[in-house]
Amino acid sequence: MLDGVLYFYPLIILASLWEIGTAFELIGEDVLPRLDFVFASLWRGLGDGELLWHTAVSLFRVVGGLVIACLLGVAFGLWTGLSKRWDAYLMPLLVGSQAFPRSALLPLFIVWLGLGETQKLVVIVSVAFFPIMINTYEGLKRVNESHVWAALSMGYSNREILRLVKIPAILPYIISGLRIAVPMSVTMMVVAEMVGAYSGLGQLVIIAGQTYELAKMFAGIVLLGLMGLLLDRAVEALGRWTTPWNR
Amino acid sequence: MATQGRLAVESVSKSYPVREGAVVALSDVTFDVAAGQFVVLIGPSGCGKSTLLHCIGGFVELTDGNIRLDDSAIRGPGSDRGIVFQREALFPWMTVEDNLRAALRPKGITGAEAEELIDTYLKAVGLGESRRLYPRELSGGMQQRAAIARTLIYQPSVLLLDEPLGALDAQTRELMKEWLVGIWLREQKTVVYVTHDLDEAVFLAQKVVVLSARPGRVKRIVDVNLRYPRDRRDPRYEEKREQLWKLIRDEVRFD
Amino acid sequence: MERLRSLGPGLISFAVVALVWEGITQSGFVPRYFLPPLSTVLAEAWLLLVQDSSLYGDIGISIVRIGAGFALSLAFGVVCGTAAGLSRRAESFLVPSISTIAPVPKVAFLPLFVVWFGIGELAKILVVFANNFYQLFVNTFSGIKEIDQRYLWAAASMGFSRYELIRYVVLPGSLPYIISGARITAPVAVVIIVLAEMVAARNGIGFFTYQMARDYRLAEMFVGLGVLAVISIAFDAIVSAVGRRLTHWEPTS
Ligand SMILES: Nc1ncnc2c1ncn2[C@@H]1O[C@H](COP(=O)(O)OP(=O)(O)O)[C@@H](O)[C@H]1O
Ligand SMILES: [Mg+2]
């Protein structure tokens, strides 16, 4: 317990400096809001439901996007990984599409899809898809040949081997692809909300910046951090749950 | 005495296509294995021992020649031949007992019958207590014994073992050798066993097929007619070892 | 020859995409305000990049932002990572502070930086810095922690000074990690600059691309996209080439 507190001593120092500096007006309130105001804002916003609503909207978008990206990524990874022909034809396109900075497609999605929820989901899927797809593909390439042979000897058919050997073998790869996708998705969601949305933490943060409500802005940043942390831990837990044999 | 599991390897050649041309791994290899016989393939590293075992298993296609099991040519893998690899043979995502269960399912053996068999075979390899553990939680020797149990349980007539003791420490290897002899005497199966360890060959084999360096050819076939369990203090044991070492030494070169 | 043959299917796929793109737009199946024909995009590229040179100002400013943000994160990441890797005290201060803000998506700080520094260059460079710093810090730090203890013992018994230890053992030992961090963050710097230019900028190629999209001038927007792809590929290639040079003793994969 004490160890935990001691570990975070630099945070305690930094927070104290912050609070003292702002409370005694050594740092102007146009630079940093008082730390206790940030927490008050957080408390109030969660209490009256405003922050809670924005958080829920953002979380829904990210999780929705990740789920769709997972389904599509695994499907395409299996498709290209299992078929030599499609590997040759499809993979260059998929890899080539990564030459574009992933964020540069955002304007195009706005033109095509407007500012609604579909656009938000597509934006997130567009960044989360690739790491999941490529990891599934790589995982398939690295399936231990001797496991496949052992299963063939037992009398399993190729189709059964997909379920018995290949799917379990690629699960850890899918999970690590998902872990790469999470921070990318959150980042894209924030920007998509900044450039065009009526709700969500990204929108809250940028509006708060424009109206100089720094306490509220920091409250939003704190919630975004917590969301990033929560999602990462959730994927980690999902990994432990789906692949219990990995320690 | 076993009636099934007679193997005939007839002029087998195997080359792998690589970027420039081909690697000839095996060239015109011929030998017989009687039903229930314990045959050891020995030869320097890279001479094609594993390749030969994979050919018998039906996992890779022959470039030339024939392999017959009980007079019918081998086409692809089948549950009449079971294989154990040097390491990581078990499915790591299944517990030991689930690995054995998976081996029974294609045969349609499930339920109480399956559980009984699993019980029997796990006890036979001394793993009754560890059945609910994942392979990663077992020691190397336990993993190999579990892998052998998983292969024995679906009753192949031929057992293909590719350096099954190669990844184990010296003491465990000693114990496993004695244990293997016991299992083989009891199960009465044909065994084709790959190793580069001379002592394993003399301790286990009724017949040793010595392969030359790449491309692998049969250099000599040596019979070992000593009673099991074998006694290393027996002068004939040392003689056989010496004979094999002379055959192998010319093949193992630093280059 | 063999290599050419393996490229074949990929080239066919790209050709099919190009033809389908041209076909569905020329035939009017997909309206032009939704997707301009590929030929129009190429003609526009000729216009913007060859006949006219006004776009190069935007390209230049974006490259400067990317380079500055990348360099800043590299410098601070390596310095802080090395400090934390070599000194327990620095580690106990830096690691908890840095890892606490790690899960925050750094683009969320952009409005704050704009409040602090206005809409000028600094805000955008700082966002790239904030976003990439963590990766470089972690890579440097773990690179140093992973150095084989025996190298340090060997150096100590040879009587190396602290400077020599860092110069000849610690830095070369952690360099592969630093370079892999740089390689991971190089394309990310481009991604982040594009985002920052969309949210808070009045120039730059990301801003241009976004602006063209908002005005429904999609041919121009696609030119912007293409330019961004070139910048991203080139930046990645440069960082990789420098990285290989610096770690000449590592086997190339
Ligand atoms: N899939 C493969 N593709 C190409 N070459 C292979 C392949 N498998 C084995 N070889 C080559 O065939 C030769 C024999 O290999 P192997 O049978 O594994 O030897 P051993 O088991 O006796 O050490 C080696 O030179 C090896 O490099
Ligand atoms: Mg081998």
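Biologist: How much area do chain A and chain B bury between them, and what share of it is on carbon and sulfur atoms?

Modeller: Chain A and chain B bury about 1900 Å², with 67% of it on carbon and sulfur atoms. Buried area is the accessible area, found with a 1.4 Å probe, that two parts lose on being put together, summed over both. On the side of chain A, Trp149(A), Met154(A) and Trp245(A) supply 37% of the area buried against chain B, more than any other three residues. Please note that this is a predicted model, in which local features need pLDDT of at least 70 and side-chain atom pairs count only at pLDDT 80 or more, while totals for chains, interfaces and linings use all residues. Residues are numbered from 1 along each chain as its sequence is written, chains are lettered from A and ligands numbered from 1 in the order in which they are written, and side-chain values use heavy atoms, with hydrogens and water left out.

Biologist: What makes chains A and B count as being in contact?

Modeller: Contact means heavy atoms within 4.5 Å. By that rule, 19 residues of chain A are in contact with 24 residues of chain B. Chain B and chain C, by contrast, do not touch, and their nearest C-alpha atoms are 9 Å apart.

Biologist: How many salt bridges and how many polar contacts join chain A to chain B?

Modeller: A salt bridge requires a side-chain nitrogen of Lys or Arg within 4 Å of a carboxyl oxygen of Asp or Glu; the count between chain A and chain B is zero. A polar contact is a pair of N or O atoms within 3.5 Å; within protein, one must be able to donate a hydrogen and the other to accept it, and residues adjacent in sequence count only if both atoms are side-chain atoms. Helix 8 (145-154) of chain A gives the largest share of the side that touches chain B, eight residues.

Biologist: Which pair of chains has the most contacts, and how much area does that pair bury?

Modeller: Of the two pairs of chains that touch, chains A and C have the most contacts. They bury about 3900 Å² between them, 82% of it on carbon and sulfur atoms. In chain A, Tyr89(A), Val111(A) and Trp112(A) lose the most area to chain C, together 14% of what that side buries. Here too the count of salt bridges is zero, and five residue pairs are in polar contact, both at pLDDT 80 or more. Helix 11 (214-242) of chain A supplies the largest share of the side that touches chain C, eight residues.

Biologist: How many helices and strands does chain A have?

Modeller: Helices (H or I, at least four residues) and strands (E, at least two) are DSSP runs, numbered from the N terminus. Chain A has eleven helices and zero strands.

Biologist: How does the radius of gyration of chain A stand against that of a compact globule?

Modeller: The radius is taken over C-alpha atoms, and the globule rule is 2.2 Å times the number of residues to the power 0.38. A compact globule of 247 residues would have a radius near 18 Å, whereas chain A has 23 Å. The C-alpha atoms of chain A fill a box of roughly 75 × 50 × 30 Å, taken along the principal axes.
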